[in-house]
Amino acid sequence: MNAASNNNSVVSARGLRKAYKDKLALDGTSFEIPAGRIVGLIGPNGAGKTTALKAILGLIPFEGELKVLGRDPRTQRDELMNDVCFIADVAVLPRWIRVREAIEFVAGVHPRFDRARCERFLAHTQLKPESRVRELSKGMIVQLHLALVMAIDAKLLVLDEPTLGLDILYRKQFYQRLLEDYFDEDKTILITTHQVEEVEHILTDVMFIRDGKVVLEAPMDAVGERYVEVMVNADSLEAARALRPIDERALPFGKTVMLFDGVPQPRLAAFGETRTPGLADLFVATMKGTYA
Amino acid sequence: MTAIQWSDGAPIYRQLKERVVAMMLDGVLKPGDALPSVRQVAAEYQLNPITVSRAYQELADEALVEKRRGLGMYVTEEASKKLLASERERFLTEEWPQVMERIQRLGLRADELLKSANGGTQ
């Protein structure tokens with residue numbers, strides 16, 4: 001389609017910069033998002049996650065090179081929006097609108113909206129066509145929003161803290177619907193969230209962002225190979241430290257957990273039991289000192 | 001919705017594969033049975049579909065399941081035979097030596113073991 005979009009990247013960002021007052025929200029941010037992936041953009045509060053999403057969606061001006069589906073969101077936003085959908089963490093559905101009216105509205109403005117599909121999704125919920133948004137619980141509003149968005153045949157779906165404030169049943173159901181009825185190899189999903197444990201097995205790729213910079217960008221498989229956590233035995237502490245763990249914490253009963261980056265697992269196995277760190281542990285280790 | 005605790009020791013796709021293998025050994029999945037679709041498994045266990053596909057691919061590589069075009073994955077006729085052979089092999093090379101070691105450590109004699117195995121406790 002577009003010669004400028006290299007390989008099959010859905011998003012290609014190079015050297016993004018965005019300052020709010022005197023603080024840089026994006027500071028030379030670069031990343032690539034290939035097609036057919038579920039990518040988690042994870043970072044502490046104020047790291048630049050939402051700013052990055054806004055840049056991708058063409059909602060803010062910024063400096064740097066950014067192509068989304070081969071287009072520049074600053075100048076080709078309208079065309080881009082045919083292929084991109086977005087669920088924000090804040091309620092955007094007007095409180096007075098009825099479910100039926102919301103469906104009619106999206107059907108009217110979006111060429112790729114499939115009304116029957118949307119109604120099929122809603123049939124599995126307790127939402128009634130005549131219900132108004134203001135009568136719905138937070139979980140039901142998200143169900144409505146998700147049904148509207150999943151009925152659009154978009155190439156990129158951007159989710160900003162989609163399950164924030166939902167109870168565990170709604171949260172689980174949210175990702176279940178997304179995986180069962182929406183995601184396929186032609187679609188790409190970009191999620192920001194603080195609920196790292198909740199998405200870690202859903203993600204195919206992960207990006208950590210800190211102070212406006214991408215500090216880790218890798219497929220989940222590669223994360224499992226690159227990082228190893230070791231329960232170091234007391235007599236191996238010095239030898240293990242010599243291999244420069246990126247994090248170390250003491251546990252009760254005299255064990256020490258160390259996290260290594262890029263040291264082969266067989267070499268570490270001599271120090272104690274090894275395992276793949278959870279994304280949450282990796283996140284905490286990577287972001288150490290952020291709020292200090 | 002079954003909550004599954006994945007362990008940190010092995011990649012998830014391998015744990016999923018082991019789970020399917022265990023179901024075959026237990027006879028829950030029999031030759032000719034269909035596996036649930038990648039999508040269903042992904043949604044149910046909240047895994048990305050690539051992980052599920054990878055587990056299925058390994059099962060297919062070992063000829064335990066086969067892809068029927070447009071229909072999905074099915075347990076092969078020879079799956080139980082293959083599994084039995086490989087599980088026997090694994091028992092003999094991995095588990096049995098440990099059991100043997102324990103028997104020796106406890107100083108148990110062959111006649112005592114046989115007596116117990118033949119229901120000698122009753």
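**Where the domains meet**

I began at the domain boundary, where 6 residues of domain 1 of chain A are in contact with 6 residues of domain 2 of chain A. I kept in mind throughout that this is a predicted model.

Next I asked which elements give two or more residues to the domain 1 side of chain A that touches domain 2. I found α7 (196–199) and β8 (205–210) of chain A.

I then sorted that side of domain 1 of chain A by class: 4 residues are nonpolar and 2 are charged, with no polar ones.

For the bounds, I noted that the domain assignment of chain A puts domain 1 at 9–211 and domain 2 at 222–286. I also looked up the spacing of the two domains of chain A, and their C-alpha centres lie 35 Å apart.

**The three-stranded sheet**

I turned to an open sheet in chain A, where 3 strands run in the order β2-β1-β4 with antiparallel pairing. I checked the edges and found β2 (23–34) and β4 (63–68) of chain A there, each pairing on one side only. Neighbouring strands of this sheet are turned by 15 degrees against each other on average, direction ignored.

I followed one pairing in detail: β1 (residues 9–20) of chain A and β4(A) are joined in the antiparallel sense over 5 bridges. Across from A:Glu65 in β4(A) I found A:Arg14.

Helix α1 (residues 49–56) of chain A does, touching β1, β2 and β4 of chain A. I noted that the direction of α1 of chain A makes about 60 degrees with that of β2(A).

Definitions and conventions: Residues are numbered from 1 along each chain as its sequence is written. Chains are lettered from A and ligands numbered from 1 in the order in which they are written. This is a predicted model: local features need pLDDT of at least 70, side-chain atom pairs count only at pLDDT 80 or more; totals for chains, interfaces and linings use all residues. Two strands pair if DSSP finds at least two bridges between them. Helices (H or I, at least four residues) and strands (E, at least two) are DSSP runs, numbered from the N terminus. Axes are lines fitted to C-alpha atoms, for helices over the stretch in contact, and angles run from 0 to 180 degrees between N-to-C directions. Two residues are in contact if their C-beta atoms, placed from the backbone, lie within 7 Å. Domain bounds come from an automatic or database domain assignment. Ala, Val, Leu, Ile, Met, Phe, Trp, Tyr, Cys and Pro count as nonpolar, Asp, Glu, Lys and Arg as charged, and the others, Gly among them, as polar.
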